[in-house]
Amino acid sequence: MRALVWHGTQDIRCDTVPDPEIEDDRDAIIRVTSCAICGSDLHLYDHFIPAMKKGDIMGHEFMGEVVETGRGLNGTLKKGERVVIPFTIICGECDQCKRGFFSVCERSNRNRDLAAKVFGHGTAGLFGYSHLTGGYPGGQAEYVRVPFADKTHIKVPDSLTDEQVLFLGDIFPTGWQAAVQADIQPHDTVAIWGAGPVGQMTIRSAILLGAKQVVCIDSVPERLDMARAGGAIVIDNSRESVVERLNELTHGKGPEKCIDAVGMEAHSPRAVEQVFDRVKQAMMLESDRASVLREMIYVCRPAGILSIPGVYGGLVDKMPMGAVMNKGLTIRTGQTHVNRWSDDLLRRIEEGQIDPSFVITHRVGLEQGPEMYRTFRDKQDNCIKVVLRP
């Protein structure tokens, strides 16, 4: 089969690789009909996430048709059914899964000991996201083996297109969880840093959850246009002061809720801060750039909430913990518990409350994936979200 394969930093190739096979009774094989390039895939592309190996298959946002099932599925999945596959692999039986904390499943990461050395404890297995999360082949391919497939799936009706439901596997529930864990109230101003795909879903989620006003901070014109079309007030941080504008919008009090939809590769418009973080990275003294986190802490209203769906992989420096503590800020973060939200979000799509396909700007074949990684990373050709057809 064909698949997008990691060969090193900024080196993704469309290779021919062996077809996946059933390895466990709870496995299923999916023929991929649609997949996408996610912003967090770029962390692998630029090699900010450790434990990648040459030959790893990329991708964690995909869907398709069941073509083969293991004997242990007991009818939970059948050949021919359409499914979206969450990026988090879940057993559905451990203590964390029973509590709905699916992204920290205790059984699905087959390299759990390696993850524990980095994070203190193991977390869930993820598709196509390094050997820290199990080294599972990803979904930017023609076929995928899905472990624990009786639990790791979302069935979707034939009445909805691939593009309407594809993002149930990651960016839609990620934006939704980011807004939900901010505990949005009707009087709240919600400030969202980043107008990429996750930021766009977060904007619409915050509005669906009843925020008084939603503000989005970014510097890419087409992203800001999309955010504005979704109902957000926009701030171009390359042209105006975020602090001054947020104070103006909140009468000097600051937003009650701040959401980081950027993550470890944040760019600061302040030259000194950007140089500081770049130098620290070059010297191996920090792995992640934290300019968005610092700014959120500074501007957030006292007793507010910081929600962090943006991916971080290692160490950050110069974190103003004094401000966090003295302002009484609450921080909530984590990989997305996809299956906790999937039923509700699928219903919202069916009812027409939201059509997540609005975010798609590029539709190409799998063989064009390597060049689209560069286009997406460099924000060329007005690229916001890429869907691939194997």
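1. Let's start with P147, which sits in the loop between β9 (143-146) and β10 (154-155); helices (H or I, at least four residues) and strands (E, at least two) are DSSP runs, numbered from the N terminus. Please keep in mind that this is a predicted model, where local features need pLDDT of at least 70, side-chain atom pairs count only at pLDDT 80 or more, and totals for chains, interfaces and linings use all residues. Residues are numbered from 1 along each chain as its sequence is written, and side-chain values use heavy atoms, with hydrogens and water left out.

2. Is P147 buried or exposed? P147 counts as buried because its relative accessibility is 4%; buried means under 20% relative accessible area, exposed over 50%, and partly exposed in between (1.4 Å probe, protein chains only).

3. Which residues does P147 touch? Leaving aside residues up to four places away in sequence, its partners are R26, D27, I89, F127, Y136 and T152, a contact being heavy atoms within 4.5 Å. P147 also lies 7.5 Å from D24, C-alpha to C-alpha, although 123 residues separate the two in sequence.

4. Next, helix α6. Its twelve residues, 197-208, reach 17 Å from first C-alpha to last, close to the 16 Å expected at 1.5 Å a residue (the expected span is 1.5 Å times one less than the number of residues). Just after α6, G210 has a positive phi of about 95°.

5. Helix α6 is mostly covered, with ten of its twelve residues buried. Among them are P197, M201, I203 and R204. What do the buried residues of α6 pack against? Their neighbours are the helices α5 (171-180), α7 (221-229) and α13 (369-377), together with the strands β11 (189-193), β12 (213-218) and β14 (257-260).

6. Now the whole chain. The protein chain has 13 helices and 18 strands. Its radius of gyration is 20 Å, close to the 21 Å that the globule rule gives for 390 residues, so the chain is as compact as a globular protein of that length. This radius is taken over C-alpha atoms, and the globule rule is 2.2 Å times the number of residues to the power 0.38. Along the principal axes, the C-alpha trace spans about 60 × 50 × 45 Å.

7. Of the 390 residues in the protein chain, 59% are buried. Of the contacts between residues at least 6 apart in sequence, 72% join residues at least 24 apart.
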